[in-house]
Amino acid sequence: QVQACGGGSVQAGGSLRLSCTASGRIFAVNDMGWYRQTPGNQRELVALISSGGSTQYEDSVKGRFTISRDNAENTMYLQMNGLEPEETAVYFCYAGIILSGTHNDVKYWGKGTQVTVSS
């Protein structure tokens with residue numbers, strides 16, 4: 001239902017763009033967002049975007065990361081600039097989806113994509 005791609009390895013200060021696409025028998029996609037997780041730690045919210053385009057960012061990424069979405073394609077993007085080594089993590093995307101024939105918003109998660117930032 002939800003697939004993320006775009007991870008990779010960059011040097012500190014570099015950029016990466018992640019994408020996340022929802023597919024299937026979709027009636028509507030509400031909030032979409034990105035979390036990241038490092039070994040031994042809980043997932044932390046990086047950014048989220050509503051269907052109307054309202055955004056929210058974790059404080060440390062403000063001004064460097066930009067979340068956007070293409071509602072026609074049910075796809076969300078995360079442009080990450082000025083990456084720092086401590087941001088090395090597995091990045092997970094989610095989408096709040098209402099499937100056709102249903103009324104409930106269910107959060108679907110994509111498989112994580114690894115982002116590695118070297119110093």
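**A tour from the cysteines to the core**

Start by selecting C5: with a relative accessibility of 42%, this cysteine counts as partly exposed. Keep in mind as you click around that you're looking at a predicted model.

Stay on C5 and look for a partner. Which cysteine sulfur is closest to the one in C5? That's the sulfur of C20, but at 8.6 Å away it's too far for a bond; a disulfide needs the two sulfur atoms within 2.5 Å.

Now select C20 and C93 together. Here the sulfur atoms sit 2.1 Å apart, and the two residues form a disulfide. Searching the whole structure turns up one disulfide. Follow the chain from one end of this link to the other: C20 lies in strand β3 and C93 in strand β9, 73 residues apart, so the pair ties together distant parts of the chain. Zoom in on the S-S bond next. The torsion about it is about 70°, so this disulfide is right-handed.

Are these two cysteines buried or exposed? C20 is buried, at 0% relative accessibility, and C93 is buried too, its relative accessible area also being 0%.

Last stop: the largest nonpolar core, which has 28 residues. Select W34, V46, M76, L78, M80 and Y91, the ones with the most contacts inside it. Then colour the strands that each give two or more residues to this core, among them β1 (2-5), β4 (26-37), β8 (75-80) and β11 (113-118). Which element gives the largest share? Go to β9, which supplies five residues. As a general rule, nonpolar side chains in soluble globular proteins tend to be buried together.

Terms used
Residues numbered from 1 in each chain as written. Predicted model: local features only at pLDDT ≥ 70, side-chain atom pairs only at ≥ 80, totals over all residues. Heavy atoms only, no water. Core = buried A, V, L, I, M, F, W, Y, C linked by side-chain atoms within 4.5 Å. Buried < 20%, exposed > 50% of the residue type's maximum accessible area, 1.4 Å probe, protein only. Helix = DSSP H or I, 4+ residues; strand = E, 2+ residues; numbered from the N terminus.
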